[in-house]
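Dear colleague,

I am sending you a structure for your files, together with an account of what was found in it. Please look through it alongside the notes below.

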Amino acid sequence: MPEPHTTIFHISDIHVGEDGVSLGDLRKAIDRIEKKAKDVSSPLLVVTGDLTTEGLREEYEGFSSVIEGFSIPHVIIPGNHDERNYGSAVFEELFGERFKTYQTERVAVYAADSAEPDNDAGHVGRVKYNEIRDFFNSSKDKYKIFALHHHLVPVPHTGREQNVVEDAGDVLAVLDSTRCSLVLNGHRHVPWIWKLGEMVLCNTGTLLSKRVRGASTQLHSRVEIMEDSVLITLCHKDGTEKVLASTSLRL
Ligand SMILES: [Fe+2]
Ligand SMILES: [Fe+2]
């Protein structure tokens, strides 16, 4: 198998503050990723929101105390739980802008805040469409990755659909028109992959929350990007791993 030029460790829905979610378990998960990251080229940690449960400062600071000093590049965006109690103010103080970008020679990542204060539904907003278009259009020779908290397409085994991104159709059209390669999101606590045309949409599960659904367990995803393909592996909390998908990836 070809060597990946980029490896993304994708974690989501940590939910610090939830009963049973410990900072010790979070540290273990981060240490595991950090150890693995030493063996790969161009590692990146992407955190797609729900760092906290109620958006409270003490929850944010708990997450921050584990992630600070993390030695590989990381991109962190908020989820709907982080916006509770106007937690976005604390998010910005600790983790910077809620919309951000990251680039290497091979990948261009646009990470969007799809959450709104005290609203569990997702929304990107047309005011951002041109910015997303411009960013990806200026990255034509790179794998283009869009990260957000909410899902753009409903996920099976998650009950009645209520939280899909409200402007999902328009966001998907923007992404497809710019030849976005890969979408990374969380929120549903269920890992799943969809392929929409040539675009891969990958939902990861929850890193630590007990609110898993059905047969899903706590996990993070390892996303290995090769020339023209991607391998996505689910890394379960108990240390076991399972391939979720191996599929083509457009440039
Ligand atoms: Fe969540
Ligand atoms: Fe969420």
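This is a predicted model: local features need pLDDT of at least 70, side-chain atom pairs count only at pLDDT 80 or more; totals for chains, interfaces and linings use all residues.

Overall architecture

The protein contains five helices and 12 strands. Its radius of gyration is 16 Å, close to the 18 Å that the globule rule gives for 251 residues, so the protein is as compact as a globular protein of that length. The C-alpha trace spans about 45 × 40 × 35 Å along its principal axes. Of the 251 residues, 46% are buried. Among contacts with a separation of 6 or more, 70% are made by residues 24 or more positions apart.

Helix packing

Two packed helices are described by the angle between their axes and by the distance between those axes. Helix α2 takes part in both of the pairs described here, with α1 and with α3.

In one pair, helix α1 (residues 23-37) packs against α2 at an angle of about 35°, and the axes are 9 Å apart. This crossing is right-handed. On the α1 side the contact involves Leu23, Leu26, Arg27 and Ile30, which meet Gly62, Ser65, Val66 and Ile67 of α2. By class, five of these residues are nonpolar, two are polar and one is charged.

In the other pair, helix α2 (residues 57-67) packs with helix α3 (residues 88-95) at an angle of about 25°, with the axes 10 Å apart. An angle under 35 degrees counts as roughly parallel, and α2 and α3 are therefore roughly parallel to each other. Here too, α2 passes α3 in a right-handed crossing. The α2 residues Arg57, Tyr60 and Ser64 meet Val90, Phe91 and Leu94 of α3. The residues of this contact divide into four nonpolar, one polar and one charged.

A loop glycine

Glycine 197 is placed in the loop between strands β8 (192-196) and β9 (199-203). Is this residue buried or exposed? Glycine 197 has 9 C-beta neighbours inside 10 Å and therefore counts as exposed, the cut-off for that class being 12 or fewer. The C-alpha atom of glycine 197 is separated by 8.5 Å from that of aspartate 176, a residue 21 positions away along the chain.

With kind regards

Conventions: Residues are numbered from 1 along each chain as its sequence is written. Chains are lettered from A and ligands numbered from 1 in the order in which they are written. Axes are lines fitted to C-alpha atoms, for helices over the stretch in contact, and angles run from 0 to 180 degrees between N-to-C directions. Helices (H or I, at least four residues) and strands (E, at least two) are DSSP runs, numbered from the N terminus. Angles under 35 degrees count as roughly parallel, over 145 as roughly antiparallel, 65 to 115 as roughly perpendicular and the rest as oblique. A crossing is left-handed if the near helix is turned anticlockwise from the far one by less than a right angle, and right-handed if clockwise. Two residues are in contact if their C-beta atoms, placed from the backbone, lie within 7 Å. Ala, Val, Leu, Ile, Met, Phe, Trp, Tyr, Cys and Pro count as nonpolar, Asp, Glu, Lys and Arg as charged, and the others, Gly among them, as polar. The radius of gyration is taken over C-alpha atoms; the globule rule is 2.2 Å times the number of residues to the power 0.38. A residue is buried if 20 or more other C-beta atoms lie within 10 Å of its own, exposed if 12 or fewer, and partly exposed in between; C-beta atoms are placed from the backbone.
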